[in-house]
Amino acid sequence: MRDLAKRFGATTALAGMTWAARRGQVTAVLGPNGAGKTTTIECAEGLQRPDSGEVRVLGTDPWQAGPDHRAAVGVMLQEGGLPNASTPVRLLRHLAAFHRSPADVDALVERLGIDAFSGTTVRRLSGGQKQRVALAAALIGRPEVAFLDEPTAGLDPHARLDAWDLLRQTRDTGCAVIVTTHSFEEAERLADHIVIVNRGRVATQGSIAELTGEHSLEKVYFSHTRESAR
Amino acid sequence: MSPAQTSTVPARAAAPTRDRILAQTRFETGTLLRNGEQLLVALVLPAMALVGLALSHSPSLGPGARIDVAVPGVLALAVISTAFTGQAISTAFDRRYGVLRLLGVSPLGRSGLLVAKALAVLMIELLQFVVIGALGLGFGWQPKWIGLLPAALLTLLGTWAFVALALLLAGTLRAEGVLALANLIWVAFLALGGVIVPPSQMPAGLSHLAALLPSGALGSGLRAAFIDGQLAVVPVLVLVLWAVVATALASRTFAWSD
């Protein structure tokens with residue numbers, strides 16, 4: 001994406017956002033609340049249309065892109081987006097039916113421990129359980145690009161490790177995995193490329209080695225985002 | 001790229017449009033049928049209304065065999081329950097929880113979702129018509145069978161109008177507000193809207209109002225179809241007007257997230 005700008009009324013959400021994510025890499029988008037992470041991801045998913053600038057995902061403008069494009073892009077929304085009345089496995093089988101060659105639902109369910117609560121309606125799941133179902137939903141189409149908005153928020157440490165393993169494995173299939181996160185640990189342990197955003201633009205970016213040098217990621221993060229602290 | 005290379009790349013293609021829409025229709029229909037409150041509004045309440053009307057003498061439904069007047073009214077009530085109240089509430093909560101957004105970026109897409117919702121409503125209505133019709137026949141209902149054709153047209157138009165009205169509510173108000181308002185409007189349609197009690201049997205001022213409401217138009221149209229075997233023109237025009245206006249407003253105001 002190049003030079004993305006987006007305003008909501010008087011609020012500037014994006015002010016010249018420019019970065020790229022590669023296939024076969026995990027890209028972590030790190031930044032304080034209100035820095036424009038979710039808006040950026042939503043522009044890439046085709047849920048928001050930027051006021052100016054250019055987004056290309058797999059060479060396509062995601063705004064009103066066709067079904068085959070949407071089939072190649074996996075999405076995990078921050079609010080989940082799961083229908084409350086369904087049970088996890090019924091929902092995942094249903095979402096798989098939108099794809100010509102989906103992932104193995106049973107394997108994904110077992111991998112993320114969803115089988116332990118497969119008969120419970122989404123409404124009654126805990127936050128962490130919902131996160132796991134939403135992550136499975138994003139990966140159900142074996143995507144070439146996956147946009148995951150805070151995929152491990154609310155997961156217990158074991159579930160988080162499982163999710164990281166799955167994301168690494170997804171990356172190793174050649175998928176471009178893009179995660180937003182508040183967790184330095186997640187960025188450090190998972191990401192091949194880190195984009196630190198602040199006030200609607202990129203503050204700095206690079207591999208963990210490039211960014212940190214002799215300082216910790218935490219230190220680098222605060223030095224680039226401190227002025228926005230209230 | 002050589003053919004050998006392309007064949008090793010797994011195809012991340014969407015399933016065919018028809019399959020995606022039918023899958024979503026099945027999913028939505030199944031969800032509605034598993035939901036106790038929805039079933040109550042869609043089947044149990046209309047069936048209870050029919051039993052009550054069949055076994056009592058009030059309210060007065062006017063001239064003609066009482067059961068012949070009652071069944072088309074209850075069918076109209078069933079359409080309103082599913083197409084209006086049920087859709088308004090389920091769409092409002094789907095919007096609240098981001099379901100509409102997630103399905104919008106899935107291979108199904110927004111237009112596929114709308115078509116599937118409309119088909120799911122029609123599936124439920126078919127079930128309602130079978131159950132209520134059978135119950136009516138049990139009570140001695142004698143419809144003009146030729147009236148099935150105009151009744152089908154009226155039902156399609158009524159469904160269009162009521163789904164559009166439902167989306168108008170669901171796409172603009174908060175989910176809790178939709179829940180309250182959609183139920184309240186259902187009661188208002190039932191009490192004053194000319195659904196069960198024909199507009200002609202209502203007090204002078206109310207009867208004109210009821211005839212111009214989509215509820216009264218659908219009720220009157222279905223009664224004309226099953227009692228006289230005729231296509232009533234005024235109800236058709238009233239429903240088309242409501243449908244066109246509500247569709248125009250809904251497509252302008254509908255927000256996919258709240």
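Predicted model: local features only at pLDDT ≥ 70, side-chain atom pairs only at ≥ 80, totals over all residues.
Student: How many helices and how many strands does chain A have?
Tutor: The radius of gyration of chain A is 17 Å, close to the 17 Å that the globule rule gives for 230 residues, so chain A is as compact as a globular protein of that length. Its C-alpha atoms fill a box of roughly 50 × 40 × 35 Å along the principal axes. As for secondary structure, chain A has nine helices and nine strands.

Student: What percentage of the residues in chain A is buried?
Tutor: Among contacts in chain A between residues at least 6 apart in sequence, 69% join residues at least 24 apart. Of the 230 residues in chain A, the buried share is 49%.

Student: Which residues of helix α1(A) are buried?
Tutor: Helix α1 of chain A spans residues 37-45 and is mostly covered, with nine of its nine residues buried. The helix is followed by Gly46(A), whose phi is positive, near 90°. The buried residues are Lys37(A), Thr38(A), Thr39(A), Thr40(A), Ile41(A), Glu42(A), Cys43(A), Ala44(A) and Glu45(A).

Student: Is Glu150(A) buried or partly exposed?
Tutor: Glu150(A) lies in the loop between β6 (145-149) and α6 (157-172) of chain A. Although Glu150(A) is not a glycine, its phi is positive, about 50°. A residue needs 20 or more other C-beta atoms within 10 Å to be buried. Because Glu150(A) has 19 such neighbours, it counts as partly exposed.

Student: Where does Arg199(A) lie?
Tutor: Arg199(A) is not a glycine, yet it has a positive phi of about 50°. With 17 other C-beta atoms within 10 Å, Arg199(A) is partly exposed. Its place is in the loop between β8 (193-198) and β9 (201-206) of chain A.

Student: Which element gives the largest share of the side of chain A that touches chain B?
Tutor: The contact takes 29 residues from chain A and 25 residues from chain B. On the side of chain A, the elements that give two or more residues are α2 (67-72) and α3 (88-96). By class, the residues on this side divide into 13 nonpolar, nine polar and seven charged. The largest share, five residues, comes from α2(A).

Student: How many helices and how many strands does chain B have?
Tutor: Read along the sequence, chain B follows the pattern α-α-α-α-α-α-α-α-α-α-α. Its radius of gyration is 20 Å, close to the 18 Å that the globule rule gives for 258 residues, so chain B is as compact as a globular protein of that length. The C-alpha atoms of chain B fill a box of roughly 80 × 35 × 35 Å along the principal axes. The composition of chain B is 11 helices and zero strands.

Student: What percentage of the residues in chain B is buried?
Tutor: In chain B, residues 24 or more positions apart account for 80% of the contacts with a separation of 6 or more. Of the 258 residues in chain B, the buried share is 48%.

Student: Are α7(B) and α11(B) roughly parallel or roughly antiparallel to each other?
Tutor: The axes of α7 (residues 148-170) and α11 (residues 233-253) of chain B come within 8 Å and cross at roughly 30°. Angles under 35 degrees count as roughly parallel. The two helices, α7(B) and α11(B), are therefore roughly parallel.

Student: How many charged residues does the contact of α7(B) with α11(B) have?
Tutor: α7(B) passes α11(B) in a left-handed crossing. Residues of α7(B), including Leu154(B), Leu157(B) and Trp160(B), meet residues of α11(B), among them Val236(B), Leu239(B) and Trp242(B). By class, this contact has 17 nonpolar residues, three polar residues and no charged residues.

Student: With which residues is Ala70(B) in contact, leaving aside its neighbours within four places in sequence?
Tutor: Ala70(B) is in helix α4 (residues 66-96) of chain B. Because 24 other C-beta atoms lie within 10 Å, Ala70(B) is buried. Ala70(B) and Gly136(B) are 66 residues apart in sequence, and their C-alpha atoms are 8.6 Å apart in space. Leaving aside the neighbours within four places, the contacts of Ala70(B) are Leu50(B), Leu53(B), Ala54(B) and Leu61(B).

Student: Is the peptide bond from Ser58(B) to Pro59(B) cis or trans?
Tutor: Pro59(B) lies in the loop between α3 (36-55) and α4 of chain B. The omega of the bond from Ser58(B) to Pro59(B) is near -5°, and the bond is cis.

Terms used:
Residues numbered from 1 in each chain as written. Chains lettered and ligands numbered in written order. Axes fitted to C-alpha atoms, helices over the stretch in contact; angles between N-to-C directions. Helix = DSSP H or I, 4+ residues; strand = E, 2+ residues; numbered from the N terminus. Parallel < 35°, antiparallel > 145°, perpendicular 65-115°, else oblique. Left-handed = near helix turned anticlockwise from the far one by under 90°. Contact = placed C-beta atoms within 7 Å. Nonpolar A, V, L, I, M, F, W, Y, C, P; charged D, E, K, R; others polar. Buried ≥ 20, exposed ≤ 12 C-beta atoms within 10 Å, placed from the backbone. Rg over C-alpha atoms; globule rule 2.2 N^0.38 Å.
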